[in-house]
Amino acid sequence: MKSSVLTRYRVMAYVTAVMLLVLCGCMVAKYGFDTGEDVTFAVSQTHGVLYIIYLIFAFDLGSKAKWSFGKLLWVLLSGTIPFAAFFVERKVVAEVKPLVSGVQPVPAKA
């Protein structure tokens, strides 16, 4: 597996996670304080487009790493849960790094 596959996943995981946090802040401003409706719309649309790109890159990484359906689903959904993408990204990198370097990974214990 090429390192670029992991790198683009990592970039999109962080970008998607940060945009989700910004979106949550905009929602608090919109519904809690009745301000920022225009900003909320723009941020939500941007996060939606970036999340679709994240899905594509995560699916590509998962298919090349030969993940189970459950693991792939968890990684794909982590972009919709605030702060989850940061933690999932760390676990994914720890698991996939040996595949990039060509070493066989040791299965993680559940």
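Helices, in what follows, are DSSP runs of H or I with at least four residues, strands are runs of E with at least two, and both are numbered from the N terminus. By that criterion, cysteine 26 belongs to helix α1. Good morning, colleagues; a few conventions come next.

The structure above is a predicted model, in which local features need pLDDT of at least 70 and side-chain atom pairs count only at pLDDT 80 or more, while totals for chains, interfaces and linings use all residues. Residues are numbered from 1 along each chain as its sequence is written, and side-chain values use heavy atoms, with hydrogens and water left out.

I begin with the overall fold. The chain contains 4 helices and 0 strands, and its elements run α-α-α-α from the N terminus on. Along the principal axes, the C-alpha atoms fill a box of roughly 55 × 25 × 20 Å. Of the 110 residues, 32% count as buried; buried means under 20% relative accessible area, exposed over 50%, and partly exposed in between, with a 1.4 Å probe and protein chains only. Turning to contacts (heavy atoms within 4.5 Å), I note that among those between residues at least 6 apart in sequence, 70% join residues at least 24 apart.

Next, the packing of the helices. Two packed helices are described by the angle between their axes and the distance between the axes. Here the axes are lines fitted to C-alpha atoms, for helices over the stretch in contact, and angles run from 0 to 180 degrees between N-to-C directions. Helices α1 and α4 pack at an angle of about 180°, their axes being 10 Å apart. The two helices are therefore roughly antiparallel, a label for angles over 145 degrees, whereas those under 35 are roughly parallel, 65 to 115 roughly perpendicular and the rest oblique. On the α1 side, the residues making this contact include Leu6, Tyr9, Ala13, Tyr14 and Ala17; on the α4 side they include Phe86, Val88, Val92 and Val96.

What does the largest nonpolar core consist of? A nonpolar core is a set of buried Ala, Val, Leu, Ile, Met, Phe, Trp, Tyr and Cys residues joined through side-chain atoms within 4.5 Å. The largest such core has 24 residues, and those with the most contacts inside it are Tyr9, Tyr54, Leu61, Trp67, Val75, Val92 and Val96. Each of α1, α2 (37–65), α3 (69–77) and α4 supplies at least two residues of this core, with the largest share, 9 residues, coming from α1.

I turn to the aromatic rings. Rings of Phe, Tyr and Trp (its six-membered ring) pair if their centres lie within 6.5 Å; planes under 30 degrees apart count as stacked, over 60 as edge-to-face and the rest as tilted. A search of the whole structure finds 3 aromatic pairs. One of them joins tyrosine 14 and phenylalanine 86 in a tilted arrangement, 5.8 Å centre to centre with 45° between the planes. This pair links distant parts of the chain, 72 residues apart: tyrosine 14 lies in α1 (residues 3–33) and phenylalanine 86 in α4 (residues 84–101). Tyrosine 14 is partly exposed at 33% relative accessible area, and phenylalanine 86 is partly exposed at 22%. Elsewhere, ring pairs link Tyr9, Tyr51 and Tyr54 into a cluster.

The charged end of lysine 71 sits over the ring of tryptophan 67, 5.4 Å from its centre; the criterion is NZ of Lys or CZ of Arg within 6 Å of the ring centre and within 35 degrees of the ring normal.

Some individual residues deserve attention. Beyond residues up to four places away in sequence, serine 78 touches Tyr54, Ala84, Ala85 and Val88. Aspartate 60, found in α2, counts as buried at 17% relative accessibility; leaving aside neighbours within four places, aspartate 60 is in contact with Val5 and Arg8.

Finally, the backbone of two loop residues. Lysine 66, in the loop between α2 and α3, has a phi near 60°, a positive value in a residue other than glycine, and is exposed at 71%. Phenylalanine 83, in the loop between α3 and α4, has a positive phi of about 70° although it is not a glycine, and is partly exposed at 48%. Thank you for your attention.
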